[in-house]
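Here is a short report on one protein model. Keep the structure open while you read.

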Amino acid sequence: MAERAALEELVRLQGERVRVLKQQKASAEEIEKEVAKLLKLKAQLGPDEGKQKFVLKTPKETLTGKYGEDSKLIYDLKDQGGELLSLRYDLTVPFARYLAMNKLTNIKRYHIAKVYRRDNPAMTRGRYREFYQCDFDIAGQFDPMIPDAECLKIMCEILSSLQIGDFLVKVNDRRILDGMFAICGVPDSKFRTICSSVDKLDKVSWEEVKNEMVGEKGLAPEVADRIGDYVQQHGGVSLVEQLLQDPELSQNKQALEGLGDLKLLFEYLTLFGIADKISFDLSLARGLDYYTGVIYEAVLLQTPVRAGEEPLGVGSVAAGGRYDGLVGMFDPKGRKVPCVGLSIGVERIFSIVEQRLEALEEKVRTTETQVLVASAQKKLLEERLKLVSELWDAGIKAELLYKKNPKLLNQLQYCEEAGIPLVAIIGEQELKDGVIKLRSVASREEVDVRREDLVEEIKRRTSQPLCIC
């Protein structure tokens with residue numbers, strides 16, 4: 001008992017030391033070193049008998065070392081036990097941890113959930129600190145590029161279905177980048193940090209990126225110039241074939257493997273009918289450290305809504321890639337599970353839709369309701385209830401205002417505000433004639449429809465797929 005008490009005191013003191021270092025904003029390396037000591041002491045202490053042992057945990061020890069320079073965007077949290085905890089940065093690392101903990105080697109899944117970034121919010125560009133992502137991943141040992149091609153097909157299918165405008169999916173391969181850095185003379189220790197600089201080429205000019213490489217990261221100017229010769233190239237499968245003949249790049253084993261896989265990928269993308277949406281772009285780097293192979297990012301080719309207006313810009317709307325080594329980082333025996341996936345930026349897409357509707361002076365539709373059942377005179381609540389019930393039974397998305405005698409103008413205004421396309425108006429004369437007055441909210445045109453034909457008429461008018469743009 002005395003020995004355990006002594007260990008508990010050491011754990012308490014080490015935990016206090018970790019908290020003090022965090023308060024003093026010590027370096028991440030120093031904090032992680034002390035956290036490692038704390039975890040070692042806790043391991044020696046072992047579980048306290050009679051207390052429940054919690055296995056599922058998401059401490060920052062899980063998140064650090066996976067995101068490169070983007071690690072500064074992780075939300076750190078403090079824990080009374082002295083551990084470094086954080087909010088999840090994305091859905092990929094937690095997925096890899098889940099596979100390792102449950103010893104899964106083959107799964108296909110999608111996941112929609114919130115993630116958190118300690119970023120500078122820019123609402124009009126779709127940048128938030130708390131936002132939703134939609135991920136799709138395929139885990140398992142399969143033949144090269146077949147799952148990767150399916151992920152790109154899914155990405156294109158989603159973006160096309162949303163009808164948010166023309167888009168282009170940039171693809172590259174981390175092995176090509178690493179091989180390129182090697183032949184250009186980048187030291188191994190600078191691969192990831194130079195990769196992060198290259199990844200900024202979609203936002204700033206090559207000169208600015210070069211200045212960062214040389215001035216801030218200590219790269220030799222001639223090495224940066226050699227990198228510039230490569231990363232400013234983009235094209236299709238012809239560029240892949242051109243680089244396969246490059247006298248230096250083709251001699252690098254990593255780059256050769258990456259180029260071979262990209263050539264195969266373009267063959268599958270052609271069969272899927274999406275090759276025209278794909279561009280091989282050597283400037284695409286994806287700053288996250290866990291990618292090991294093919295990487296991709298979808299950007300909108302947005303044109304101004306009206307002459308003289310600036311194009312709508314929210315950056316990439318979807319991205320992903322292959323991360324074959326991530327699961328092994330969480331497995332006690334280091335067993336790897338090859339994975340590839342994609343992430344859709346839900347909030348960014350919403351930003352695009354909202355900006356477009358605002359520019360066109362259109363209202364955002366806030367309901368799926370197809371028709372509002374309205375009345376033209378008082379004392380017709382019973383008739384409205386009967387009709388709305390008939391429409392519900394027929395599978396029509398209908399509603400009515402929860403008032404006994406609403407004014408017709410108020411009912412019509414409600415439809416305009418909520419974006420309900422049709423109004424079924426009941427009046428005393430309509431009841432006598434056995435018809436319902438069907439009004440188009442957009443055109444304000446009204447037609448009398450026999451009651452027994454109303455369901456079919458509403459279905460006919462609303463059969464076109466709803467567009468969010």
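R175 is buried, with a relative accessible area of 15%. The cut-off for buried is under 20%, so R175 at 15% falls on the buried side. This is a predicted model, and every value below is computed from it.

**R175 and its surroundings**

R175 sits in helix α6. Which residue pairs with R175 in a salt bridge? The partner is D173, and the closest N and O atoms are 2.8 Å apart. D173 is buried, as is R175. Side chains of opposite charge can pair when their charged atoms come close.

R175 also has contacts beyond its sequence neighbours. Setting aside residues within four places in sequence, R175 touches Q254, A255, E257, G258, D261, T292 and G293.

**Salt bridges elsewhere**

The count for the structure is 28 salt bridges.

| R175 | D173 | 2.8 Å |

R439 is buried, at 14% relative accessible area. R450 is partly exposed, with a relative accessible area of 43%. E452 reaches 54% relative accessibility and counts as exposed.

Salt bridges can also join into networks. One such network links R17, E34 and K37.

**Helix α7**

Is helix α7 largely enclosed or open? Of its 8 residues (191-198), 6 are buried, so the rest of the structure largely encloses this helix. The buried residues of α7 are F191, I194, C195, S196, S197 and V198. Their cover includes three other helices: α6 (174-184), α8 (206-216) and α9 (221-231). Helix α6 is also where R175 is placed.

**Aromatic rings and charges over rings**

How many aromatic pairs does a search of the whole structure find? The search gives 3. One of them joins Y290 and Y323 edge-to-face, with 5.9 Å centre to centre and 65° between the planes. Y290 lies in the loop between β7 (278-281) and β8 (294-300), while Y323 lies in the loop between β9 (316-322) and α12 (326-330), so the pair ties together parts 33 residues apart in sequence.

Both rings belong to buried residues. Y290 has 4% relative accessibility and counts as buried. Y323 is buried too, at 1% relative accessible area. Ring pairs link Y290, Y291 and Y323 into a cluster.

Charged ends also sit over rings. The charged end of R109 is over the ring of F95, 4.0 Å from the ring centre. The charged end of K277 is over the ring of F167, 4.5 Å from the ring centre.

**At the surface**

Now to exposed residues. Y110, I112 and Y132 form a nonpolar patch on the surface, with about 360 Å² of accessible area together. Y110 lies in strand β3 (residues 107-116). Y110 is exposed, with 64% relative accessible area.

Q251 belongs to the loop between α10 (237-244) and α11 (253-271). Q251 counts as exposed, at 64% relative accessibility. Where does Q251 stand relative to G179 in sequence and in space? The two are 72 residues apart in sequence, yet 9.2 Å apart in space, C-alpha to C-alpha.

E456 is in helix α17 (residues 454-461). E456 is exposed, with a relative accessible area of 55%. From E456 to A394 is 62 residues in sequence and 9.4 Å in space, C-alpha to C-alpha.

**The whole protein**

The protein has 17 helices and 15 strands. Of its 469 residues, 47% count as buried. Among contacts with a separation of 6 or more, 66% are between residues 24 or more positions apart. The accessible surface is about 25,000 Å², and 52% of that belongs to carbon and sulfur atoms.

Notes:
Residues numbered from 1 in each chain as written. Predicted model: local features only at pLDDT ≥ 70, side-chain atom pairs only at ≥ 80, totals over all residues. Heavy atoms only, no water. Buried < 20%, exposed > 50% of the residue type's maximum accessible area, 1.4 Å probe, protein only. Helix = DSSP H or I, 4+ residues; strand = E, 2+ residues; numbered from the N terminus. Contact = heavy atoms within 4.5 Å. Areas by Shrake-Rupley, 256 points an atom, 1.4 Å probe, with all protein chains shown as cover. Patch = residues over 30% accessible without salt bridge, like charges linked within 9 Å, V, L, I, M, F, W, Y side chains within 5 Å. Salt bridge = Lys/Arg side-chain N within 4 Å of Asp/Glu carboxyl O. Phe/Tyr/Trp six-rings, centres within 6.5 Å; stacked < 30°, edge-to-face > 60°. Lys NZ or Arg CZ within 6 Å of the ring centre and 35° of its normal.
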